[in-house]
Amino acid sequence: MGNKSSLLLQEEEIAEIQQETGFLPSQIERLFSRFTSLDKNNDGSLSRDDFLRIPELAINPLGDRIVHAFFRDNDEINFRHFMRVLARFRPIKKTRENKLNSREEKLKFAFQMYDLDDDNHISRYELLAVLHMMVGANISEDQLASIAERTVKEADKDHDNMISFEEFCEALGRTDVEQKMSIRFLH
């Protein structure tokens, strides 16, 4: 099983993945090639460590949070799961409905970046922690605390001092999430 050629995709698998994710066959094959290059154990799955070796994630201040979103319930993911997560970053095409890259799914992914304890709420502490990850020491502690406090106060409609997913969606109502959370995947 150590041979990568034994892990080739079959045409029917490509068709199923295309149907589920909206990726083109050429994109699926390219992403499969990237997936297998990350699969250091040649076992058809990726671990958190495999992901953390991706240079772009290693230097991203939210890299650990992005990796966490891939591995919410698992220690390893297979290619299908990998593709389902990546599908959330496909640009939305008005002519082709795909649940995985809908506005709601993109917002769920963004919400997970801030919900550090996975309790389906963003506390002031969690927001402050993510702000620290993003800006480091470029902004003073007082400024960051003020931003976190003001953000929670403005978004928190039920006054529980936390932001629920519904409140998060409402706060981002005018934001072009579809554009901001899209990556152009090469063919």
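N78 caps the N-terminal end of helix 6, with a side-chain oxygen sitting 3.2 Å from the backbone nitrogen of R80. Helices here are DSSP runs of H or I with at least four residues, and strands are E runs of at least two, numbered from the N terminus. This is a predicted model, where local features need pLDDT of at least 70, side-chain atom pairs count only at pLDDT 80 or more, and totals for chains, interfaces and linings use all residues. Residues are numbered from 1 along each chain as its sequence is written, and side-chain values use heavy atoms, with hydrogens and water left out.

**Confidence**
- Mean pLDDT (the predictor's confidence in each residue, from 0 to 100) is 87 for the chain, and 93% of its residues reach 70 or more.
- Over residues 1–6, pLDDT stays under 50.

**Helix 6**
- Seven of the nine residues in helix 6 are buried, so the helix is mostly covered; buried means under 20% relative accessible area, exposed over 50%, and partly exposed in between, using a 1.4 Å probe and protein chains only.
- The buried ones are F79, H81, F82, M83, V85, L86 and A87.

**F89**
- F89 lies in the loop between helix 6 (79–87) and helix 7 (103–114).
- With a relative accessible area of 14%, F89 is buried.
- Leaving aside neighbours within four places in sequence, F89 is in contact (heavy atoms within 4.5 Å) with K106, F109, M181, S182, I183 and F185.
- The C-alpha atoms of F89 and E76 are separated by 20 Å, with the two residues 13 apart along the chain.

Technical notes. Polar contact = N/O pair within 3.5 Å; in protein donor to acceptor, adjacent residues only side chain to side chain.
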